[in-house]
Amino acid sequence: MSMRTKVLGLVDVMMRVPPVLVIDEILKIGMGLPTRFYPETNPPQSPVAEDVGFLADADTPGAAADAFVALKAFFGLGDAAQSPVIPTASPLEQSIDNASKSAMKDGMLSTGFNMLMTELSHDETLSDVLSITTVKFMICLFGFLSAACIFMLWTRHLVMVYMFLTSLGLTFLSYWSNVSALALMERSPCILEDLISLNTTRLLDSGGVIMSLAPHVMAQWFMGMLFAYIHLGPRYELLQKSMPIIFTSPILVAMLPLPPHVVEHLPVIAGTTPIILTLVTMVYSSMEASRTVYNGYQYAMNFVTNFGLSALIENEWQRLNVPNVLRVFWTIRIIQGGYALAVADSNEPFQLFPAIEKLLVDGCETLTAVLGMTGVISMICHYIGRGFQWFLMTYDNDEEKSLGTVSAVLFYILALQTGLTSLSPEKRFVRLCRNLCLLMTALLHFLHNIVSPILMSLSAARNPSRKRHVRALTVCAFLIVTPVSLLYYLWLQRSISTWLLAVTAFSVEVIVKVLVSLATYTLFLLDARRQFFWEKLDDYLYYVRAFGNSVEFCFGILLFINGAWILIFESGGAIRAIMMCIHAYFNIWCEARAGWSVFMKRRSAVHKISSLPEATPAQLQAFDDVCAICYQEMYSAKITRCRHFFHGVCLRKWLYVQDRCPLCHEIMMYTEKAEENVPEPEPAEAEQAEHLYPRDDANNAGATGRLPERAIAADATEASTAASTSNAATESAAVISEAAAAAAEARSASVSASSSNASFITASNQPPTPSATSATSAAAAVATAAASNTTHIFRVTQEQQ
């Protein structure tokens, strides 16, 4: 990104900040509605009022004893006669007082707004109009909507709005400067006489009227030139050149000996020309503004129709650069508040921590201020994630990219739940600290989501880099020590409360998740250093993860009960009720359903695996191959109905997905219907298959020690050698016929072996006799070897031809 692009982006952000400031000031006065104002002293309040807010001060003494009183008040069953009667002032006095005090809280328009409201309070006619709540609300609503529309304009239209507002502001500033200059000239001798008589003493006097008027004249000339350059009205050449003279004319004409009532109206006469140009601009621009709003509406509707509402919101969010605008707005607000504290007249010395507390309280006074604080917190959390990502030496992690966004959403939802903007300053600071504490525990969860896949990849990939292992384990130690320290401090300093229970649940959940990740990491490391296949690894992993998920599920139920208690007895609200419903659905119902589904699948798979026969050592030796699922050597295996060998653990994982064989896609389980359709084996065919493919086991000690595949390969090699030294056509035909006969015998042996093995499984709990088992195992091994090598025999014979 070039420097020019960065500068233009910064200018665009700065141009969108003033509308946000205007919206913030309107929200400060409560949109013109009568607002509740917080007195200097804290009068005694009812238990319900003391417990307002998210997990609100339930740790104060007597909160538990007054639970039923709060419940009565929640359902409207309290005694109305016990509520104190608070004397109220007139609506006009209360509105003006609330608006003035709200604006004087170090707001951006504090001084000017206070003076304006003071003048309005002395104007009886205007006060009567402003005392109507509806009129005040409509004025504030119009200002709110206007500022929002200006904020959403395209940059080109935004520049035009600022040019119009600047020209209008120059007109009023010129009027104010001319009035001030005429006031100076009224109290001084005639300047024209001094100029005619060349009275240099008074003309060159540093404290004289000439030196006092010089800045006004230069300012008027400069404002006239600037107005001629930026105004959007008709641009006539003569009018453009005479604009500085028009702005300066009241001071120049006032030097003549004119009557006082004429001099008094000179600023109004000079301001007529720029006002007329401004009105012409408004008339000309009204149609274009309406057209711009309509085009924007059409653009939004077309965008929603083509791409959806979420795409429109995301596109506008990026175009308006909302996060940076809110951050700049909140920073300006805090700087203005800090400057007001620094220059305030106070006999007490400046204290840092009380000043920070006041700035934080003022920084979440309105919804726009909370949004600005949310943007700042989002940026801080984003860079925290980037720091941990750099420490872990990883650069491709989606969790880090969403860390800032999720943290911002969580903080804003907490602010809305707790009613942060409606609390008094003292309670607002306490609530803000509690929300930040909850956000910190959530941040630990996000950091665990970053380090957990790194641990798994390091253990599974057998990464020899000890540096990466040490860094990941260091982060895990940090994720354990931090919540433990936080819980120790909170339980030592605070009494038990609903908020403390929530923080404890979140912290313990982080610790359990980290321990589960470390246990999984350890199991994978042990498996990586074993020389043989570890069949119990899957069971151990299942037990460890099941423990962690069970703890998380229990804490989810605990948090739901804790939130229900807060909703009923402490601080109810629509937002809290909605968030509880979301929590109940996603974190309780969906998790319980998913966990039960996994448990039932595992249970069904274990039951199905137990129904399959276990391969004997002789069968494994005859098979002499790896598992087709994990490609690991088999020291134990399960035999499917289609006579394929697999690890029991691998087959159980496969059964989570489907019941068909991974190789031939036949049903793997033995069923009664399948057993009835299998014909009885013929002993002659089994003996012939045994003769063709002898097994190297205890029951066939006299046979050759070669495996069936190797024996057939040797026979094929011998046939190939013989074919090269004799008549090729005759020998090839003989080999083909022999291969066909071997294939037929193999199929017959396979059918007989399947029938024999199926009869053993379906028998009543009585195991088969050793001789029958040995014969069946031999027949199964021979049939499997013959069937798997028939294709190889045909391929060899074709190559020979």
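This is a predicted model: local features need pLDDT of at least 70, side-chain atom pairs count only at pLDDT 80 or more; totals for chains, interfaces and linings use all residues.

Modeller: Residues are numbered from 1 along each chain as its sequence is written, and side-chain values use heavy atoms, with hydrogens and water left out.

Biologist: How many helices and strands are there in the protein?

Modeller: There are 31 helices and two strands. Both are DSSP runs numbered from the N terminus, a helix being H or I over at least four residues and a strand being E over at least two. Of the 801 residues, 39% count as buried; the term means under 20% relative accessible area, with exposed over 50% and partly exposed in between (1.4 Å probe, protein chains only). Contact means heavy atoms within 4.5 Å. Among contacts between residues at least 6 apart in sequence, 72% join residues at least 24 apart.

Biologist: What makes H12 and H14 roughly parallel or antiparallel to each other?

Modeller: Helix H12 (residues 237–253) and helix H14 (residues 266–307) pack at an angle of about 160°, with their axes 8 Å apart. Axes are lines fitted to C-alpha atoms, for helices over the stretch in contact, and angles run from 0 to 180 degrees between N-to-C directions. Angles under 35 degrees count as roughly parallel, over 145 as roughly antiparallel, 65 to 115 as roughly perpendicular and the rest as oblique. H12 and H14 are therefore roughly antiparallel. On the H12 side the contact includes Leu239, Met243, Ile246 and Phe247, and on the H14 side it includes Leu266, Pro267, Ala270 and Thr273.

Biologist: Why are H16 and H17 called oblique?

Modeller: The axes of H16 and helix H17 (residues 352–362) come within 10 Å and cross at roughly 140°. H16 and H17 are therefore oblique to each other. The contact is made by Arg333, Ile334, Gly337, Gly338 and Leu341 of H16 with Ala355, Lys358, Leu359 and Asp362 of H17.

Biologist: In which hand does H16 pass H17, and in which does H12 pass H14?

Modeller: H16 passes H17 in a right-handed crossing, whereas H12 passes H14 in a left-handed one. A crossing is left-handed if the near helix is turned anticlockwise from the far one by less than a right angle, and right-handed if clockwise.

Biologist: What makes a set of residues a nonpolar core?

Modeller: Such a core is a set of buried Ala, Val, Leu, Ile, Met, Phe, Trp, Tyr and Cys residues joined through side-chain atoms within 4.5 Å. The largest one has 23 residues, of which Leu392, Val451, Leu455, Ala472, Val475, Leu479 and Leu537 touch the most other members. Helix H20 (425–460), helix H21 (466–493), helix H22 (498–528) and helix H23 (537–570) each supply at least two residues of this core. H20 gives the largest share, eight residues. Beyond neighbours within four places in sequence, the contacts of Leu392 include Ile450, Val451 and Ala472.

Biologist: How do you know that Cys661 is in no disulfide?

Modeller: A disulfide is a pair of cysteine sulfur atoms within 2.5 Å, and a search of the whole structure finds zero of them. For Cys661 the nearest cysteine sulfur, that of Cys642, is 3.6 Å away. For Cys664 the nearest is also that of Cys642, at 3.4 Å, and Cys664 is in no disulfide. Cys661, at 0% relative accessibility, counts as buried, while Cys664, at 30%, counts as partly exposed.

Biologist: What makes H26 mostly covered?

Modeller: Six of the eight residues of helix H26 (residues 648–655) are buried, namely Gly648, Val649, Cys650, Leu651, Arg652 and Leu655. Their cover includes H23, helix H24 (574–610), strand E1 (638–639) and strand E2 (645–646).
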